[in-house]
Amino acid sequence: MIKVLLADDEDLVRSGLRMILSSVGDIEVVAECDDGHLVADLARQHRPHVVLLDIRMRTSDGLAALRRLRTLPEPPRVCILTTFDVDEYVSEALRLGASGFLLKDTEPEQLVKAVRDLARGGAVLDPGVAARVLAAVADGERMAEPARRLLASLSEREREVLVLIGQGMSNAEIGGTLHLSEATVKGYVSSVLGKIGAVNRVQAALVAYRGGLIA
């Protein structure tokens, strides 16, 4: 059973997320809150596998909660809930180790898939917000030269895989696009992350953006 903690200060959003996730047999919403100050304590108590965390809450922003979550002995995977008005919070969330970004109005099946992927150790980047996330965190100079040096270490196939990662595709979707098995894609993804020093797929997509591999 995948245990999920919901943290959002909008009752309607939490209600919608809870309804969607509770409708499948392998996911359980074990706790929820509307205050960022409560997130770490609830995570310590309920030990969720995944936390869906609003990046901006009235009482305490999601970044403060994310910092506290990262200090736990076994921190959960954290996915940031956002809207289209991505801002400077995103860059810090990436630095702090957020494993994904989802729009609050993500389709139910995509939300369920994202939670399952996160619980398995993956990272998710909603295609609807990918370009905005990457643009929001890119510096004025886009840190182009360091990123290009990292990208130069990749093979042509690895570069193709990285482009599709940047578009928010899962391993299965990348395999379908490139006519490769999912296991082969998994190998390429691991190789890409290792070569460019990325912790997860979101950070890998950022390197690709900064290096001009994706627009």
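User: Hi! At what angle do helix 10 and helix 11 pack?

Analyst: Helix 10 (residues 182–196) and helix 11 (residues 201–210) pack at about 65 degrees, and their axes lie 10 Å apart. Axes here are lines fitted to C-alpha atoms over the stretch in contact, with angles from 0 to 180 degrees between N-to-C directions. Helices are DSSP runs (H or I, at least four residues) and strands are E runs of at least two, numbered from the N terminus. This is a predicted model: local features need pLDDT of at least 70, side-chain atom pairs count only at pLDDT 80 or more, and totals for chains, interfaces and linings use all residues. Residues are numbered from 1 along each chain as its sequence is written, and side-chain values use heavy atoms, without hydrogens and water.

User: Which residues make the contact?

Analyst: Val189, Leu193 and Ile196 come from helix 10, and Arg201, Ala204 and Val207 from helix 11. Contact means heavy atoms within 4.5 Å.

User: Switching topic, where is Asp54?

Analyst: Asp54 is in strand 3 (residues 50–54). UniProt lists Asp54 for "modified residue: 4-aspartylphosphate" in an unreviewed entry; such annotations may be inferred rather than shown by experiment, and positions follow the numbering used here, with feature names shortened.

User: Buried or exposed, that Asp54?

Analyst: Asp54 is buried, at a relative accessible area of 3%. Buried means under 20%, exposed over 50%, and partly exposed in between (1.4 Å probe, protein chains only).

User: What is Asp54 in contact with, leaving aside neighbours within four places in sequence?

Analyst: Its contacts are Ala7, Asp8, Asp9, Gly62, Leu81 and Lys104.
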